[in-house]
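Let's take a friendly tour of one protein model, from its surface to the spaces inside. Keep the 3D view open and find each residue as it comes up.

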Amino acid sequence: MKSRRFEIGLEQLQKIDGVSGEKVIQTLEDIAPDLGEYIIEFAFGDIYSRQGLSLQEREMITITSLLTLGGCEPQLEVHINGSLNVGTSPEKIIETFIQCIPYVGFPKVLNATFVAKKIFSERNLTLGSNTNDGR
């Protein structure tokens, strides 16, 4: 029988990442099933279920952190989808990435933007025609 943390975490995982999250956990079953349980129990059961931040805010922090780390494109793909799943607009995702340019540089922001472009295309999402160039 799974723990209550696992049940809460699985519920959060399904709400945020849906099938993408489930696939990640399934790919770990034959090599590191405990890692999958840690992700569900700790990341989603303990952290994502805390009060104080909305799921949109949590996902924005997550995709920004993954962008900043660099080399996390598969996880970034899952969490950009998760961010969209909890109601974040494509425009807000891109604007968040642009905000990172002065702090992490163009290469990491470009990599994240290309991951987002792929996901937006797969989900048939387009960005609005309004751009915010700060002028």
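## A partly exposed leucine

Leu110 has a relative accessibility of 42%, so it counts as partly exposed. To find Leu110, look in helix H7, which covers residues 106-122. Please keep in mind that this is a predicted model.

## Pairs of opposite charge

Here is a general idea to start with: side chains of opposite charge can pair when their charged atoms come close. How many salt bridges does a search of the whole structure find? The count is six.

One of these links Asp46 to Arg5, with the closest N and O atoms 2.8 Å apart. Asp46 belongs to helix H3 and Arg5 to helix H1 (residues 4-16), so this pair ties together parts that lie 41 residues apart in sequence.

## Lys118 and its partners

Now move back to helix H7 and find Lys118. Its salt bridge with Glu77 has its closest N and O atoms 2.9 Å apart. Glu77 sits in helix H5 while Lys118 sits in helix H7, so the pair ties together parts that are 41 residues apart in sequence. Glu77 is partly exposed, with a relative accessible area of 25%, and Lys118 is partly exposed too, with 38%.

Lys118 also forms a salt bridge with Glu122, and here the closest N and O atoms are 3.3 Å apart. Lys118 and Glu122 are four residues apart in helix H7, which means that about one helical turn separates them. With a relative accessibility of 49%, Glu122 counts as partly exposed. Elsewhere, salt bridges that share partners join Arg5, Glu41 and Asp46 into one network.

## The largest pocket

Next, let's look for open space. The volume of the largest pocket is about 360 Å³. It is lined by 17 residues, and those closest to its centre are Ser20, Val24, Pro74, Gln75 and Val78.

Which helices each supply at least two residues of this lining? They are helix H2 (18-28), helix H3 (33-47) and helix H5 (73-85). Sorted by class, the pocket lining has nine nonpolar residues, five polar ones and three charged ones.

## A cavity inside

Rolling a probe the size of a water molecule over the atoms shows where empty space is left. In the whole structure, a search finds one cavity of 30 Å³ or more. The largest cavity holds about 40 Å³ of space.

What lines the largest cavity? Its lining is made of Leu66, Leu67, Gly70, Gly71, Cys72, Glu73, Leu76, Lys108, Asn111 and Ala112. Two or more of the lining residues come from each of helix H4 (55-69), H5 and H7. H7 gives the largest share, three residues. By class, the cavity lining divides into five nonpolar, three polar and two charged residues.

Notes. Residues are numbered from 1 along each chain as its sequence is written. This is a predicted model: local features need pLDDT of at least 70, side-chain atom pairs count only at pLDDT 80 or more; totals for chains, interfaces and linings use all residues. Side-chain values use heavy atoms; hydrogens and water are left out. Buried means under 20% relative accessible area, exposed over 50%, partly exposed in between (1.4 Å probe, protein chains only). On a 1 Å grid over the protein atoms alone, a cavity is a set of points where a 1.4 Å probe fits but cannot get out, and a pocket is an open set with protein on both sides within 12 Å along at least five of seven lines; lining residues have an atom within 4 Å of a point. Grid points are joined across faces, edges and corners, and a volume is the space filled by probe spheres set on the points. Ala, Val, Leu, Ile, Met, Phe, Trp, Tyr, Cys and Pro count as nonpolar, Asp, Glu, Lys and Arg as charged, and the others, Gly among them, as polar. A salt bridge is a side-chain nitrogen of Lys or Arg within 4 Å of a carboxyl oxygen of Asp or Glu.
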